[in-house]
Amino acid sequence: MKKVAVYWKDIHYYNDNKLHKPSLAYTEGILFFESTKYIYIKYPTTIITNEYESYNHPLIKPKYCCIPRTLVTSIEYYEK
């Protein structure tokens, strides 16, 4: 079983008529599957950091997370 840590940039968003920079995200968990387009993580924990705060996202933990490779800035693999 291989664990993975993925650093990635979330999408730009508008709020109050302002364009906000992408949040930086860190997701770790069990590597479920990866392809040339996506990384699938089982039992992920994600921390989002934006210009105001850092927080766990989402509050209710999902069973899987799918991250598009185009958003990924770096990946670390390690054995459990």
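Two strands are taken to pair if DSSP finds at least two bridges between them. In this predicted model, strands E4 and E5 run antiparallel and are joined by 9 bridges. The two strands form a hairpin, with 3 residues between them, and within this pairing Glu-28 stands opposite Thr-45 of E5.

With E7, E5 pairs in the antiparallel sense over 5 bridges, and here Ile-39 stands opposite Ile-67 in E7. Strand E6, comprising residues 54-56, is joined to E5 by 3 bridges, and these two strands also run antiparallel. E5 and E6 form a hairpin with 4 residues between them; Ile-48 stands opposite Tyr-55 of E6.

In soluble globular proteins, nonpolar side chains tend to be buried together. In the present model the largest nonpolar core consists of 11 residues, namely Val-4, Val-6, Trp-8, Ala-25, Leu-31, Ile-39, Ile-41, Ile-48, Cys-65, Ile-67 and Val-72. At least two residues of this core are supplied by each of strand E1 (2-9), strand E4 (24-34), strand E5 (38-49) and strand E7 (64-68).

Phe-32 and Tyr-64 form an edge-to-face pair, with a centre-to-centre distance of 5.0 Å and an angle of 65° between the planes. This pair links distant parts of the chain, as Phe-32 lies in strand E4 and Tyr-64 in strand E7, 32 residues apart. Tyr-64 counts as partly exposed because its relative accessibility is 38%, which falls between the limits of under 20% for buried and over 50% for exposed.

Tyr-38 and Tyr-40 form a tilted aromatic pair, 6.1 Å centre to centre and with 50° between the planes. Both rings belong to one aromatic cluster together with Phe-33. Tyr-38 has a relative accessibility of 34% and therefore counts as partly exposed.

Definitions and conventions: Residues numbered from 1 in each chain as written. Predicted model: local features only at pLDDT ≥ 70, side-chain atom pairs only at ≥ 80, totals over all residues. Heavy atoms only, no water. Core = buried A, V, L, I, M, F, W, Y, C linked by side-chain atoms within 4.5 Å. Buried < 20%, exposed > 50% of the residue type's maximum accessible area, 1.4 Å probe, protein only. Phe/Tyr/Trp six-rings, centres within 6.5 Å; stacked < 30°, edge-to-face > 60°.
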